[in-house]
Amino acid sequence: PRQRLFVALAVVLCIHTAWQFLRVWLPLFLQKGRGYTESHALLFNSFYFGATDAGCLLAGAASVWLCNRGRSPHAARSMVFLACALLTALSLCVTLLPKGWVLLGVLLLVGAGALGLFPCYYSLIQEISPGHVGKVTGLLGMLAWAITSPVRMPSRRSSAWISAGAASQPKAPASTSASASTSASASTSTP
């Protein structure tokens with residue numbers, strides 16, 4: 001069980017980092033990195049969170065659908081987790097896309113994948129210690145918040161890569177997509 005706990009910690013750190021990074025930095029990225037007005041960035045942010053909610057609900061529905069088609073619950077959750085991680089990994093493309101509908105569409109897919117990872121994670125975490133689900137989930141959640149807290153705090157110095165100017169197409173740190181890819185491989189490799 002200890003090995004599973006460490007794998008679960010790595011997974012939650014990866015998905016938590018990706019989610020928090022995207023959630024916090026998206027408005028600033030759209031405004032300073034791609035030249036959207038504040039009102040357009042905030043309006044899109046509403047659609048982004050709608051897409052994240054849809055991703056969360058669709059992840060659960062897809063898991064049930066796969067179970068109804070003969071997959072084991074673990075296999076169904078792992079498949080959906082992998083699909084959501086791949087959607088989140090599209091964040092690599094975001095760094096290359098200019099302002100426009102394609103960028104916004106990809107961001108919606110990334111958001112759906114990023115939040116879709118969480119229901120899969122929470123259901124997979126129940127397999128670690130069925131008698132201590134609350135303790136394990138609470139411990140891992142607390143550690144994730146404590147360790148990833150610097151990601152959620154934009155400052156002038158830390159946002160320099162965004163404010164380099166929309167024309168230079170600044171590259172976002174690869175931690176988001178690397179986190180999603182790492183968590184996908186970690187979660188699918190555990191029984």
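Visitor: Which residues of helix 2 and helix 5 meet each other?

Guide: From helix 2 you get F44, F47, Y48, A51, T52, D53, G55, C56 and A59, and they meet L104, L107, L108, G111, A112, L115, G116, P119 and C120 in helix 5. Meeting here is contact, that is, heavy atoms within 4.5 Å. The residues of this contact divide into 13 nonpolar, four polar and one charged. For these classes, Ala, Val, Leu, Ile, Met, Phe, Trp, Tyr, Cys and Pro are nonpolar, Asp, Glu, Lys and Arg charged, and the others, Gly among them, polar.

By the way, you're looking at a predicted model, where local features need pLDDT of at least 70, side-chain atom pairs count only at pLDDT 80 or more, and totals for chains, interfaces and linings use all residues. Residues are numbered from 1 along each chain as its sequence is written, and side-chain values use heavy atoms, with hydrogens and water left out.

Visitor: Why are helix 2 and helix 5 called oblique to each other?

Guide: They pack at an angle of about 40°, with axes 7 Å apart. Under 35 degrees would be roughly parallel, over 145 roughly antiparallel, and 65 to 115 roughly perpendicular, with the rest oblique. So the pair of helix 2 and helix 5 is oblique. Their crossing is right-handed, the word used when the near helix is turned clockwise from the far one by less than a right angle (anticlockwise makes it left-handed).

Visitor: What makes helix 1 roughly antiparallel to helix 5?

Guide: The axes of helix 1 (residues 2–33) and helix 5 (residues 101–125) come within 10 Å and cross at roughly 150°. That angle makes helix 1 roughly antiparallel to helix 5. On the helix 1 side the contact includes A8, V11 and W19, and on the helix 5 side L103, L104 and Y121 are among the residues. By class, this contact of helix 1 with helix 5 has 19 nonpolar, one polar and no charged residues. Helix 1 passes helix 5 in a left-handed crossing.

Visitor: And why is helix 1 called oblique to helix 6?

Guide: Helix 1 and helix 6 (residues 133–148) pack at about 50°, with their axes 9 Å apart. That angle makes helix 1 oblique to helix 6. Among the residues that meet are L5, L9 and Q20 in helix 1, and V136, L140 and W145 in helix 6. The contact of helix 1 with helix 6 counts eleven nonpolar, four polar and no charged residues.

Visitor: How many aromatic pairs does the structure hold?

Guide: Five.

Visitor: Why is the pair of W19 and F49 called edge-to-face?

Guide: Rings of Phe, Tyr and Trp (its six-membered ring) pair if their centres lie within 6.5 Å; planes under 30 degrees apart are stacked, over 60 edge-to-face, and the rest tilted. The ring centres of W19 and F49 are 6.1 Å apart and their planes stand at 80°, so the pair is edge-to-face. W19 lies in helix 1 and F49 in helix 2, so parts 30 residues apart in sequence are tied together.

Visitor: Where is R77, and what does R77 touch?

Guide: R77 sits in helix 3 (residues 73–89). Not counting residues up to four places away in sequence, R77 touches S63, C120, S123, L124 and E127. C67 is ten residues from R77 in sequence and 9.0 Å away in space, C-alpha to C-alpha.

Visitor: Which elements have the lowest and the highest mean pLDDT?

Guide: Helix 7 (residues 175–189) has the lowest, 48, and helix 2 (residues 38–68) the highest, 96. pLDDT is the predictor's confidence in each residue, from 0 to 100. The protein chain averages 82, and 77% of the residues score at least 70. Over residues 161–191, pLDDT stays under 50.

Technical notes
Axes fitted to C-alpha atoms, helices over the stretch in contact; angles between N-to-C directions. Helix = DSSP H or I, 4+ residues; strand = E, 2+ residues; numbered from the N terminus.
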